[in-house]
Amino acid sequence: ILSISTFLKIYSINVDNTEWTRNNVKIVVNARDRYSGIIKYELINEAGEVLSTNSMESVRDISESLIKQTLPLEMSVSQNGKYAFKVYDQAGNSSISSYINVTNIDKTAPQITSISSSNTSWTNTDIVITAKANDGNQSGIVQYQFTNINSTPTNWVSVTNTNEVTASYTVSENGTYYFFTRDLVGNVSSKAVTISNIDKVVPTVSIKVTRNGNGNTVNSGSWANDKLNISVKNDKCGASGCKVYYCVSTTTCDPNILVNSGETKNITNTGIFNIYYKAVSNAGTTSVVGEYHAKVDITKPDTITLSSNSDATFLKERTVTVTIKDTGSGLKTLNKFDYGWSTSNSTAPSIFTTVYPEYVNGTTSATFNVSGSNLNGLYYLWIKPTTYYDVAGNSYSAGNLVSTGTFAFDNSAPVNVTFNPTSNTTYTKSKTVTLKLADTGAGLAATNTFKYGWSTSNSTAPTSYSNVTINNANGAK
């Protein structure tokens, strides 16, 4: 029996899904062979290349001596393109279907074209992350999300289906952040960006001031009688690092002089200074500005001065004012002075008197009195070798301070009155006796009045007296 097959025919070609999908699409061809039957079919591309082959047993439907076969032939494709079926029967005949264009397969996640931060330099403010994604001509982007966990989000930000999306996200701290996009069919892509340039730490700064000589710490507001070494350092600083600044002024100033790590600054002059200091992070955050009050006095107190170095006027007692000064930190209280009087400027007095001047601590000038009494003659004022201090601890030390001249004292009564003659036994009607006055100290007053009388006895006073006045030059001896 000769079997001839000339009735191999393809009736239709379709796909099982025309909506966007990330799954394979099934292509279905309806074909019929009335005689020998279909035994295989091939999936071919637009270039005619065979992509896959399916073989099958022929199935015949015998009716009225005719072989009838109408079959749905299926093959799945995983990517878009133009496809056709080539069908073969047992007799070797073949037939090619028309091409069908598959365009709804999307297995490609959106492409994140960029992700960047608004600032790559150190900053103390929030940073905005901006990301862009593109889905080409695929199913389109419908969702996105930012997260700090590298895991597909469960909550999304939805957008109207679009081929391209730009999104922003503000972050306040360092870390790795992820941008996720999702297309219509569920393909997900992600890209990360690391933020490491946020530094919101407020720096703290401290100052240490020491004496140049012994290295002892000097507290703010305390006097020092030495040059000062200034060390300023940051105690707390963020990841960006810090710079430390200071300034010195007798009033106020902006700390803008850089202090390098380990560097020591100095104050070498006498005076009262304000030191201001701060730390600034490289992100721009400034510490609280510190303030230190430095008081430096490296000048000794002034020499002791006397209100007078000599006085030739005889007095029973006298007072000399002594002045002490310090123009720096001022005089320290409880300074002690010893003074005495001597008839010689080379031989010290045998007795000294101690005096503690009274004044407020820090006074720049003070006076105290030294006195002399019960002395006769010409005397030099001596102040013993002494050391007195200012508040900062500077001292004035010198040898004996001796007045350059003498001071006159007179605490002796004039010498007794003498008579001339002392007696006269010659009888006369009247007698004249000369009185003589003398004083070895300050000298006689210009006028002295005496009472005199006569008695027959050297033990019984006269019963009456007469006055006589003696006039002489004031201070006559």
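Modeller: Let's start with Thr268, which lies in the loop between strand 23 (265-267) and strand 24 (271-281). Bear in mind that this is a predicted model.

Colleague: Why is Thr268 called partly exposed?

Modeller: Its relative accessibility is 38%. Buried means under 20% and exposed means over 50%, so Thr268 counts as partly exposed. Leaving aside neighbours within four places in sequence, Thr268 is in contact with Lys227 and Ile298.

Colleague: And Ser139, what makes that residue count as buried?

Modeller: Ser139 has 4% relative accessibility, and the cut-off for buried is under 20%, so Ser139 counts as buried. The place of Ser139 is in the loop between strand 12 (127-134) and strand 13 (141-147). Residues that Ser139 touches include Trp20, Asp106 and Asn161, not counting those up to four places away in sequence.

Colleague: How do you know that the side chains of Ser139 and Asp106 make a polar contact?

Modeller: The distance is 2.6 Å, and a polar contact needs N or O atoms within 3.5 Å, so the pair qualifies.

Colleague: What makes strand 11 and strand 12 a pair?

Modeller: They are joined in the antiparallel sense over six bridges, and pairing takes at least two, so they count as paired. In this pairing, Ser116 stands opposite Thr130 in strand 12.

Notes:
Residues numbered from 1 in each chain as written. Predicted model: local features only at pLDDT ≥ 70, side-chain atom pairs only at ≥ 80, totals over all residues. Heavy atoms only, no water. Helix = DSSP H or I, 4+ residues; strand = E, 2+ residues; numbered from the N terminus. Buried < 20%, exposed > 50% of the residue type's maximum accessible area, 1.4 Å probe, protein only. Polar contact = N/O pair within 3.5 Å; in protein donor to acceptor, adjacent residues only side chain to side chain. Contact = heavy atoms within 4.5 Å.
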